[in-house]
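Please look at the sequence and the 3D structure shown here, and then read the notes on aromatic rings that follow.

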Amino acid sequence: MGALTELDLSALWVSVRLATITVIVLLIVGTPLAWWLAHTRSRLRPIVEAAVALPIVLPPTVLGFYILIALGPYGPLGQIAHLSLAFTFTGLVIASVFYSMPFVIQPLQSAFEAAGKAPLEAAWSLRASKLDAFLTVISPIALRGYISAIVLGFAHTMGEFGVVLMVGGSIPGETRVLSTTIFEHVEVMEYAQAHAISAFMLTFSFLVLLAVYITNRRFPIHVS
Amino acid sequence: MSRLLACFDVRFPTFHLNVDLDVPLSGITAIFGPSGSGKTTLLRCLAGLEQAPNGFMRFGNDIWQDEKIGLSLPLYKRPIGYVFQEPRLFPHYNVRANLLYGYKRIPVDERRIVIEQVVDILDIGHLLERHIHKLSGGEQQRVAIGRALLTSPKLLLLDEPLASLDIQRKQELLPFILRLHQELAVPVIYVSHAITEILQLADRVALLKDGRLVGVGTLNELLTSVTYRGSFGSHRIGAVLDTQIVGHEPQYGLSQLEFSGRRLFVPLQSSAIGQAVRVHILANDVSLVIGKSNAPTSVLNVLEATVQEIREIDHSSVEVLLDIGAPLVAGITRKSLVTLGIKPGDRVFAHIKTVALNEEIID
């Protein structure tokens with residue numbers, strides 16, 4: 001860590017902030033979506049599932065390109081915001097939400113499928129309203145799914161590069177994250193710093209996955 | 001007496017439920033029928049767990065569902081206790097927390113049933129601090145029943161609560177279910193395809209077949225009726241009598257039961273005088289005698305009866321429907337019928353060779 005500069009530390013802070021906010025947004029948006037996917041009989045289900053899984057197979061530059069267009073002053077999101085969201089932290093959060101969505105949705109969906117509707121009906125029969133039953137019965141039963149979703153969503157956002165480069169542009173303190181910092185260090189031949197950050201990311205990623213696999217053997221984790 | 005009214009006409013992909021149910025809200029009403037006849041679906045409709053586009057349901061004076069005006073109370077707003085086939089206990093809570101889950105969610109002034117009562121009736125006091133996965137199947141189902149009771153329900157729906165248990169556990173749990181409605185006075189709707197459970201528990205039976213109600217009546221009416229008795233299996237033909245223990249004769253190893261002013265002797269019972277006992281008398285255990293009531297016989301249970309109806313069964317046997325203050329069926333040969341020369345309205349004596357007691361009615 002001694003090799004990290006002030007700029008590197010600010011990149012670490014941006015990365016952590018980005019990953020935290022992205023995971024929070026994804027839990028709020030993802031819980032109802034994952035619940036719907038787990039229990040719907042709608043014909044739309046495979047279409048939505050495929051759309052959610054797209055970031056796993058799509059080159060990050062493709063996703064980044066479309067999000068960049070959407071965020072720009074003439075894109076739909078830019079129109080709503082009345083200004084260009086490209087190259088801003090907010091834009092980066094929006095991009096990360098799409099990019100990390102499958103890593104949050106899939107563990108939640110598996111957990112909800114495993115929990116089934118039976119405990120929910122039991123809770124209703126005991127006078128628990130729908131929200132009450134979800135909070136006191138389903139979410140504890142799906143707790144491991146939530147742990148997977150949080151850890152994977154966080155780690156995957158920490159590790160994103162292509163989308164960040166396209167949408168964020170690596171502005172120090174605003175959109176420059178750890179992964180883009182490594183790239184820039186290498187470009188100017190600062191191998192010691194690139195080494196330090198890379199080693200940190202490698203260790204961090206391994207420990208995160210180790211933690212997931214140790215605490216969670218029940219729900220399959222779909223990592224591409 | 002207040003009644004439960006329910007009309008459902010629901011088409012499922014593989015099956016059509018079409019029932020028009022009207023039963024009094026008292027005692028145990030059994031929904032009986034073969035597997036796949038729609039019993040569980042009907043129960044789920046009563047609970048509001050199935051979409052029933054034309055459904056209507058009235059509980060006493062309260063309308064729970066009237067799709068014409070777009071009304072269907074969700075399950076959590078119906079005062080129903082529901083015990084599913086599987087216990088469905090919450091794995092992240094211990095037994096006590098499971099029991100109190102519903103109790104905590106009802107208003108304090110609606111708590112008629114308290115935890116001590118339920119623990120006592122279901123004998124689960126020693127389990128309270130245990131984790132769910134440390135319980136046997138029977139224990140889990142008892143906790144599930146207790147959990148439902150602690151919402152002080154106005155109606156208890158039981159969906160084959162014994163189905164997943166072995167015969168010994170079944171016999172253990174049956175008395176608990178009987179005590180539920182005797183001690184807590186909660187009307188019960190009990191779904192089962194097991195005739196033994198029906199014989200032991202039901203006050204009244206709704207026969208379901210292919211999604212339709214084919215008959216509703218007291219257990220005895222259906223058991224002794226020509227139309228419906230086939231549904232119960234031919235070896236079950238007979239009558240069920242609800243009696244009370246009125247005396248013990250330990251010197252003879254006998255107890256005396258009473259029903260409609262008549263008395264029956266059965267082997268000595270351990271239950272106290274005044275306790276309710278249900279007995280089952282099979283048609284083949286009843287023979288008929290014409291003559292004086294004081295004619296000596298080794299048969300202990302001789303009851304005066306009126307012949308109500310004679311039914312042809314096959315070329316060698318007939319069935320005689322008798323009135324002994326309750327319906328009773330005697331299975332006799334056609335030759336005996338000719339010898340006795342009895343016809344409807346005649347007075348006869350029914351000699352009852354065996355009185356099967358509640359707990360002896362097993363598969």
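**Aromatic rings and their neighbours**

Ring pairs join A:W35, A:F112, A:F134 and A:Y146 into a cluster; here rings of Phe, Tyr and Trp (its six-membered ring) pair if their centres lie within 6.5 Å, and planes under 30 degrees apart count as stacked, over 60 as edge-to-face and the rest as tilted. The model is predicted, so that local features need pLDDT of at least 70 and side-chain atom pairs count only at pLDDT 80 or more, while totals for chains, interfaces and linings use all residues. Residues are numbered from 1 along each chain as its sequence is written, chains are lettered from A and ligands numbered from 1 in the order in which they are written, and side-chain values use heavy atoms, with hydrogens and water left out.

**Ring pairs**

- Over all chains, the pairing rule gives a count of 14 aromatic pairs.
- The pair of B:F59 and B:W64 is stacked, because the ring centres are 4.6 Å apart and the planes lie at 10°.
- B:Y93 and B:Y101 form a tilted aromatic pair, with 6.2 Å from centre to centre and 40° between the planes.

**Burial of these rings**

- B:F59 counts as buried at 8% relative accessibility, where buried means under 20% relative accessible area, exposed over 50%, and partly exposed in between (1.4 Å probe, protein chains only).
- B:W64 is buried, with a relative accessible area of 2%.
- B:Y93 is partly exposed at 22% relative accessibility, whereas B:Y101 is buried at 2%.

**Charges over rings**

- A:K130 lies over the face of A:W124, 5.2 Å from the ring centre, where a charge sits over a ring if NZ of Lys or CZ of Arg is within 6 Å of the ring centre and within 35 degrees of the ring normal.
- B:R111 lies over the face of B:Y103, at 4.4 Å from the ring centre.
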